[in-house]
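Please keep the sequence and the coordinates in view while reading.

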Amino acid sequence: MDASVDKASLRIVAPPVELEREPLVLKKRSLAWISDAVAGIAEGKTPTWWWAAFFPSVLLMLMCFSMIGYLISTGVGVWGLNHPIGWAWDITNFVFWIGIGHAGTLISAILFLLRQKWRTSINRAAEAMTLFAVACAGIFPLIHVGRIWLAWWLFPLPNANGIWPQFRSPLLWDVFAVSTYATVSLLFWYVGLIPDLATMRDRAKTAVRKFCYGLFALGWTGSNRHWSNYEKAYLLLAGLSTPLVLSVHSIVSFDFAVSQVPGWHTTIFPPYFVAGAIFSGFGMVLTLMIPLRTLCKLEDLITIRHIELMAKVILATGSMVGYAYGMEFFIAWYGGNPYELYAFKNRAFGPYWWAYWIMLSCNVISPQFFWFKKIRTNIVLVFILSIFVNIGMWFERFVIIVTSLHRDYLPSNWGYFKPTYVDILTFVGSFGLFMTLFLLFMRFLPVIAISEVKGVTPQADPHHPLGGAKGGHH
Amino acid sequence: MSSNVSSSRPYAILAEFDTPADTMHAAEIVRDAGFKKWDVHTPFPVHGMDQAMGLKGSIVGYFTFAGGLTGVTLGMTMIWWMNQFDYAIVVGGKPLFSPLSAFPVSYELTILLGAFGTLFGMFSLNRLPRLHHPLLKHPRFRAATHDKFYVVIECADIKYSTAETKALLEKAGGKHIEFVEE
C-alpha cells in the first residue's frame, strides 16, 4: 500500500442498516461449512427422492430415443408436418431448448462481467442446465433433416461429390453457432469445475472417487500462481461467452428473419429472440432451483434474495418480450405490407388463436406478477409462475413457426398442423433426457461453485475483520 | 509419504494459515525476503494476493488473441476458398463470397478458437495437467481446497536454508510448519 496515503482517511464507514445488503450466504456460515454442504450432496447416500425422480426420467429418455429410432428407420412421415408446414414441433423444440440454455450463459458470463456476486450460488447448476438443454436442442435439427446419416454434409468436410456447404445460408450459420455454443459452454463449465473437482478429490474417501475426481481436477493445488492465470482465463471466457450467447439466438432468429415469409421477415427478431431466450431460461432455472434448494438443503446458499433477483430478471425480460409482441403488430400495420398484416391478424384471430393467447397470457401477463415483492419472495408462487413461463415460451416458438407457415399465399396452399403421437412423445421424452442428465450431475458433481461462493463471503476478504484483517493493516 | 525419509530430500517447507489476511501478510514477508520458488495455496482466489506475492499480470490474453485471430482468418479463408474458389455455385444470384454472409460463421470460429486458446493457454502457463505433485501427498495439504491457507517455499530456492526459512515462516505467523517430501 502507498505509505503516503493517510490510513485514517481510508477507513470506510459502515452503511446505515437500511442500506445494508442481505448477505449472500446466510447464518454467517464458515468456509468449511460451504464445502461440506455442497460436496456432501454428491458424497452422501443416494436419497430416495433422487431414485424417484431418476427412474421416470430414464424411462422418458428411453421413450425419446425409441421414437427417434422409429423416425430414423421409417422417415419423417411419422411426424405430423407436411406441406405447407415444413417446420413444426421439431424446430419449435429446438428453439425452445436452445433458448433455455441462454440463462445459464447469462448467469455465468454476463452477470460475471457485471460483477453480480449473487451469481456464484446458481451459476454451476445453471451452466449444467445450459449444456443439457443444448444437448436436447441439438437432437431436433439433426433428426429433422430426414436422412440423418447425411447430416455430416452440414460440416465443411470433403465428400465424394466435391461440393462444399453453402455458407450464405443462415441454416449453416446456425450449425456453427450452436456447435460453438455447446463447445464453449462446456469449456467454461469445466474451467469453473476444476477447483471444485480438486475439493472433491481431497475429500474423497474411496480410491475410485479419488482417482476419478483427481483425473479431472488435473492436479489442481489452489496455487496462487495458478489462480492468477485461472482468473484471467475465466474472465476472458466470460468475455467470449457474452458476445457468443447474444449471437447464438440472433443467428437462430436469422433462420426465420433472413427468409421472405410474412411473420418471419422482421428486423426485430434478433433482440426479441435473445430477450425471450433469457426469459425462458430463467424460467427453467427457477423451476429447477426451487426444488433443488429444498431437497438438497441449500437454503443458506440459494437464498430468497437469489430467487427474488431471478424473478426480477424474468419481469424485465418478460416485459421486453411483451414489447416485442406489440411492436411486431405495430410494424405489421405501419409497414403497409398486406401479407405481413394478414399474417399477424391470422396469428391472433386465425385457426391458431388459442396458441397465440396461451403464449400471450403466459409470457406477458404472468411475469407482471413479479412487480410485487410478496409474490417474488413466495417460492411456491415463483415456482408456479416459472412453469407458466416455460409453457408460454414453447408456445411462442410454435406460434412463430406454425402460424407463419400454415397459410401460404394461395388458399390451395393452406393447411392445419396436428402433431402425431411420435411428435408428442419425442418432445415429452426430451424432458426425460434433460432431467436424467441433470440428476446425474446433481449426484456426482458439486451443484454449487464451492470456491466461488467461498470467494464472496466476508471470511474470504483479507480486508474484512472476518477475513482476519486487523485494524490499520492494509 | 512423509514417513519414508530414508533417501528423499524435502521438496518444500509448508506453513499453514487460518485467514486470508494472515496469509497475505506472510506472502508479503516472503516476497520481501527475496524468494523466487515459492507459492501460496488457497481454496479460492484471494483478492490482492498477486500484488502481495509480487506477481505480474497474467498473459493468458495473448493466447486468447492468437486463437481468435486464427479463428477469424480461418473462417474467412475457408468460406472464400470453398464457395468461390474450389467449387462455386450460384445461389439466388448472390455474390459467391461476401465478408457479410461469411461473417456469422467467422465470428463463431473467432470465439471458438479464442476459447480454446484461453483454455490451453491457461493450462500451459500453469503446467497443467499435472497428476503427481509432492504437495498432493502431504496429509495436511488436503485442507488447501477446503478452508486452510498455505505458504510453500521450495527447497530448491537459492535463498532457502532449513533453519532460517523455518524461522521466517514462524515469524510470519505460520502454524504447523512442516516439510514436504519429494
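## Confidence, domains and local packing

This is a predicted model, and for chain B the mean pLDDT is 91, with 96% of the residues reaching 70 or more. The exception to note is the stretch of residues 1-6 of chain B, over which pLDDT stays under 50 and for which the model has three contacts beyond four places in sequence. Where pLDDT is low, the predicted coordinates should not be read in detail. For the model as a whole, the scores are ipTM 0.93 and pTM 0.92.

Chain B is divided into two domains: domain 1 is made of residues 10-56 together with 131-181, while domain 2 covers residues 60-126. Taken over C-alpha atoms, the centres of these two domains of chain B are separated by 44 Å.

We turn next to the contact between the chains, to which chain B gives 61 residues and chain A gives 56 residues. On the side of chain B that touches chain A, the elements that give two or more residues are helix H1 (20-32), strand S2 (38-41), helix H2 (49-53), helix H3 (60-86) and helix H4 (103-126). Of these, H4(B) gives the most, with 14 residues. By residue class, this side of chain B divides into 35 nonpolar, 16 polar and 10 charged residues.

Within chain B, strand S3 (residues 149-154) is mostly covered, five of its six residues being buried. Strand S1 (residues 10-17) of chain B is joined to S3(B) by six bridges and runs antiparallel to it; in this pairing, B:Phe17 has B:Phe149 as its bridge partner in S3(B). S2(B) also pairs with S3(B) in the antiparallel sense, here over four bridges, and B:Asp39 has B:Val152 as its bridge partner in S3(B).

B:Ala27 counts as buried because it has 27 C-beta neighbours inside 10 Å, where 20 or more are required. Leaving aside residues up to four places away in sequence, B:Ala27 touches B:Val40, B:Met49, B:Ala52, B:Met53 and B:Val151. B:Lys175 is 148 residues from B:Ala27 along the chain, and the C-alpha atoms of the two are separated by 14 Å.

In chain A, helix H7 (residues 207-217) has A:Tyr213, A:Gly214 and A:Ala217 buried. These residues lie on the same side of H7(A), because they cover an arc of only 105° around the axis. The buried residues of H7(A) pack against helix H6 (170-203) of chain A, whereas the face of H7(A) turned away from its buried side carries the exposed residues A:Ala207, A:Val208 and A:Phe211. Just after H7(A), A:Leu218 takes a positive phi of about 60°.

A:Ala348 is partly exposed because 15 other C-beta atoms lie within 10 Å, a count between the limits of 12 or fewer for exposed and 20 or more for buried. Apart from residues up to four places away in sequence, A:Ala348 touches A:Trp353 and A:Tyr356. Between A:Ala348 and A:Pro367, which are 19 residues apart in sequence, the C-alpha to C-alpha distance is 20 Å.

Notes:
Residues numbered from 1 in each chain as written. Chains lettered and ligands numbered in written order. Predicted model: local features only at pLDDT ≥ 70, side-chain atom pairs only at ≥ 80, totals over all residues. Domains from an automatic or database assignment. pLDDT = per-residue confidence, 0-100. Contact = placed C-beta atoms within 7 Å. Nonpolar A, V, L, I, M, F, W, Y, C, P; charged D, E, K, R; others polar. Arc of directions from axis to C-beta. Pairing = 2+ DSSP bridges.
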